[in-house]
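The sequence and the structure come first.

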Amino acid sequence: MTTPTTTASKVLDTLAADRPGQIERLIDWLKIPSISTDPAYRDHTRRAAAWAAEHLCGAGLKVELMETGGIGTDGVGSGHPVVLGTANPDAPGPHILFYGHYDVQPADPLELWESGPFEPVIRPAEGEVGERIVARGACDDKGQVATFLEALRAWYGVTGKPAGGVRMTVLLEGEEESGSVNLDRFLEQHADRFRSCDACLISDTGMLGRERPAITYGVRGLVYTEVRLHGANQDLHSGLWGGRAPNPNNELAKVLARLWDGDRRVTIPGFYDDVRPISAEERAAWSRLGCDAGDALSKIGLGPEADEPSGEAGFSAIEREWARPTADINGLFGGYAGAGAKTVIPAWAGAKVSFRLVADQSPAKVEAAFFEWCRARTPAGCRWEFVSHSGGNPATVRTDSELLKAAAEAVRRATGVAPAMIKSGGSIPVAGTLKSLLGLETIFMGFGLDDDRVHSPNEKFELRCFEWGARSHALFIDALRRKAGVE
Ligand code: BES
Ligand code: MN
Ligand code: MN
């Protein structure tokens with residue numbers, strides 16, 4: 001067992017002494033509505049980038065605000081900027097790339113928020129929920145990024161060196177919540193800046209439970225599509241035309257209902273071809289984690305009877321979330337959905353259909369197979385229109401690397417609990433890109449909780465999660481210093 005070096009203890013003391021300052025700074029950042037998907041928030045999103053750049057400067061890093069997307073004659077990009085920070089480029093390795101995102105999801109439905117989404121408040125503990133900061137982005141991902149920024153700041157304060165003297169690159173993206181549309185190109189164009197990195201570190205995932213910190217070693221991929229089924233060239237009276245002309249609502253519902261078989265397996269040919277099976281060791285390890293599907297369902301207002309029929313037969317809830325692909329209709333629209341009744345056969349119907357993918361499935365391949373599957377089932381008299389939205393590769397990382405072990409040890413020292421090794425059903429597209437472009441493994445060291453309401457009204461981050469995050473990052477930097485021989 002290793003004990004913190006004196007310098008690391010000083011860093012932890014600095015963090016402990018300055019809690020109010022850390023929260024105040026996070027509040028400042030959370031006030032900026034950096035909703036990347038909505039063009040109306042473009043300037044705000046840029047302000048959130050500038051805020052992060054300033055914070056990194058304050059921690060002694062060299063910082064660039066880099067444009068993304070097509071660059072106009074004014075030098076401004078069509079995308080949201082990347083904040084790129086550099087510490088000690090000439091120091092000996094290891095060289096960690098920290099990735100996070102400063103953009104957030106839209107705040108709607110606004111009426112369900114107990115306080116303004118961009119007016120952060122601290123709420124006292126109630127029941128098992130601890131003292132927390134409530135705002136859009138509190139957990140996903142500004143709060144989690146802030147735990148890392150504060151660790152950097154503390155190391156700079158104590159040692160006078162950025163990142164305590166270790167080599168580090170920080171990349172903060174402003175488009176994660178809107179599909180990272182410009183990120184792959186950015187990484188390709190600037191690959192030289194990242195080539196010497198040894199691993200990527202991301203704090204954008206969760207823990208296994210309140211007392212159970214975790215390292216995540218896999219996230220799912222995503223392909224998000226929209227399909228529209230067109231019938232007649234106009235809406236029709238359902239009395240005059242029902243039974244005479246195809247009803248796209250009926251037909252779309254019938255086609256999409258065939259996406260799953262009786263065991264709730266996706267029926268697209270080849271869908272499971274590239275799915276990496278769950279090993280017997282993994283199965284056993286996951287079942288030892290003691291996750292209870294019924295417990296989890298009870299927190300979202302469902303009874304235990306909802307478990308089995310919700311997913312693929314033959315797998316536990318955890319297995320289905322972590323290691324099996326899914327298909328989901330996220331939205332279904334067509335015809336009349338307003339108040340009262342209107343008799344109509346709509347000209348078209350549509351659906352937003354997404355697939356969560358696992359290693360080694362390919363988003364492009366699954367998307368093509370899905371569109372082909374639809375085409376082969378085109379209802380007579382109808383035609384399809386297909387739209388591709390965002391996507392991202394799944395990522396499962398090695399659990400035996402020295403850096404991941406060092407991160408796990410840092411979490412243990414910071415929290416007093418050895419982190420569980422878990423996977424997550426969510427997606428963080430950059431991890432797949434870094435792996436395929438640069439061969440980089442990612443360490444997902446996140447401190448969210450299942451009930452943080454990410455993407456929902458009243459999103460929160462508990463102050464203890466914040467504290468655990470800041471301490472863990474600080475101690476990971478300590479481990480890097482020892483590896484690099486910078487004391
Ligand atoms: N941080 C989340 C993903 C996440 C949450 C992973 C919790 C693991 C645990 C991320 O910001 C997110 O929301 N990703 C999107 C993907 C994207 C392409 C829009 C998702 O998973 O839906
Ligand atoms: Mn996130
Ligand atoms: Mn998110």
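Is R375 buried, partly exposed or exposed? In this predicted model, R375 has a relative accessible area of 44%. That value lies between the limits of 20% and 50%, so R375 counts as partly exposed. The salt-bridge partner of R375 is E372, and E372 is also partly exposed, at 42% relative accessibility. The two residues are 3 residues apart in helix α11, which means about one helical turn between them.

**The sheet and its helices**

Helix α11 spans residues 363-375 and lies across β9, β11 and β12. Its direction makes about 20 degrees with that of β9. These strands belong to an open sheet of 4 strands, ordered β10-β11-β9-β12 and paired in the antiparallel sense. At the edges are β10 (326-334) and β12 (383-392), each of which pairs on one side only. On average, neighbouring strands are turned by 15 degrees against each other, direction ignored.

Strands of a sheet pair through backbone hydrogen bonds. Between β9 (residues 221-230) and β11 (residues 348-357), the antiparallel pairing runs over 10 bridges. Within this pairing, Y224 stands opposite S354 in β11.

**Salt bridges**

Side chains of opposite charge can pair when their charged atoms come close. The count of salt bridges comes to 33.

| Pair | Closest N and O atoms |
|---|---|
| E64 and R193 | 2.6 Å |
| K365 and D274 | 2.7 Å |
| E372 and R375 | 2.7 Å |

E64 is partly exposed, with a relative accessible area of 23%, and R193 is partly exposed at 30%.

K365 is in helix α11 and D274 in the loop between α7 and α8 (280-288). This pair therefore ties together parts that are 91 residues apart in sequence. D274 has a relative accessible area of 26% and is partly exposed.

Salt bridges also link E128, R210, D451, D452, K460 and E462 in a network.

Notes: Residues numbered from 1 in each chain as written. Chains lettered and ligands numbered in written order. Predicted model: local features only at pLDDT ≥ 70, side-chain atom pairs only at ≥ 80, totals over all residues. Heavy atoms only, no water. Pairing = 2+ DSSP bridges. Axes fitted to C-alpha atoms, helices over the stretch in contact; angles between N-to-C directions. Contact = heavy atoms within 4.5 Å. Salt bridge = Lys/Arg side-chain N within 4 Å of Asp/Glu carboxyl O. Buried < 20%, exposed > 50% of the residue type's maximum accessible area, 1.4 Å probe, protein only.
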